[in-house]
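Reader: I would like to go through the terms used for this structure. Please set each value against its cut-off.

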Amino acid sequence: MTLTVGMITLGVVTVVQVWWVGHEDHHPRSDALVVLGASQYDGRPSAVFATRLDHAAELFRAGVAPVVITIGGKQPGDRFTEAEAGAAYLRRRGVPAEKVIVIPEGSDTLGSLTAVAGVMNARHLRSTVIVTDPWHSLRSRTMARDLGLDAHTSPVTTGPSVHGIDTRIRYIVREGIGYRWYQVFHRASPPEATTSAV
């Protein structure tokens with residue numbers, strides 16, 4: 001009985017944490033904006049990815065950071081990586097090519113952020129604002145900070161991940177599982193906690 005109550009309490013606390021951080025928007029002046037990758041289709045970002053990129057472009061134009069980092073690898077058979085598709089999208093929206101750092105690595109959040117930390121350290125960049133979906137903010141910020149980055153998050157407020165109560169619940173549950181999995185094992189989320197981009 002005590003174990004059951006404890007598990008239920010932990011689940012509720014986790015959901016509240018994911019929801020709370022997902023509604024925080026902290027974008028202090030930083031060394032770089034980091035846009036977490038999502039699905040792309042032959043170089044065209046998915047709706048989820050495009051929403052993140054649009055938000056990052058707005059923050060860049062507002063002077064939050066002098067560079068934008070796009071990250072993410074590719075699936076077998078793809079011609080483009082998520083990072084390349086994201087960089088091209090940003091260029092089309094007026095972000096100068098020399099202000100975009102492309103890191104075409106990572107098949108999950110932890111792998112991508114590990115690559116980002118390596119590149120940022122090599123360039124003596126320390127602080128970052130991570131741009132992602134609201135429900136992904138807690139897990140990605142925790143990982144980035146564990147990797148030694150001074151990380152904040154500025155989640156999107158539009159797009160598929162915030163439309164409809166069913167979608168929100170699904171994303172929050174997925175991210176809650178992923179967050180606790182990472183805390184316990186310091187590894188990326190278990191396969192059953194992943195959901196492809198909308």
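Author: Strands E6 and E7 (residues 150-153) run parallel and are joined by 4 bridges. This is a predicted model, in which local features need pLDDT of at least 70, side-chain atom pairs count only at pLDDT 80 or more, and totals for chains, interfaces and linings use all residues. Residues are numbered from 1 along each chain as its sequence is written, and side-chain values use heavy atoms, with hydrogens and water left out.

Reader: What makes E6 and E7 a pair?

Author: Two strands pair if DSSP finds at least two bridges between them. E6 and E7 have 4 bridges, so they pair. Isoleucine 130 stands opposite threonine 153 in E7. From E6 the chain passes through helix H5 (residues 137-146) to E7, a right-handed β-α-β crossover; right-handed means that, with the strands pointing away from the viewer, the path from the first strand over the helix to the second runs clockwise. Helices (H or I, at least four residues) and strands (E, at least two) are DSSP runs, numbered from the N terminus.

Reader: Which strand is joined to E6 by 4 bridges besides E7?

Author: Strand E1 (residues 32-35) is joined to E6 by 4 bridges, and the two run parallel. Leucine 33 stands opposite valine 129 in E6.

Reader: Why is E6 called mostly covered?

Author: In E6 (residues 127-131), 5 of 5 residues are buried, where buried means under 20% relative accessible area, exposed over 50% and partly exposed in between (1.4 Å probe, protein chains only). Ser127, Val129 and Val131 point one way, Thr128 and Ile130 the other.

Reader: Why does arginine 52 count as buried?

Author: Its relative accessibility is 5%, which is under 20%, so arginine 52 is buried. Arginine 52 lies in helix H2 (residues 47-61). Its side chain reaches the backbone oxygen of leucine 36 at 2.9 Å. Among the residues that arginine 52 touches are Val131, Asp133 and His136, contact meaning heavy atoms within 4.5 Å.

Reader: Why is the pair of tryptophan 181 and phenylalanine 185 called tilted?

Author: The search of the whole structure finds 1 aromatic pair. Its rings, of tryptophan 181 and phenylalanine 185, are 4.5 Å apart centre to centre, with 50° between the planes. Rings of Phe, Tyr and Trp (its six-membered ring) pair with centres within 6.5 Å; planes under 30 degrees apart are stacked, over 60 edge-to-face and the rest tilted, so this pair is tilted.

Notes
A polar contact is a pair of N or O atoms within 3.5 Å; within protein, one must be able to donate a hydrogen and the other to accept it, and residues adjacent in sequence count only if both atoms are side-chain atoms. Lists of a residue's contacts leave out its neighbours within four places in sequence.
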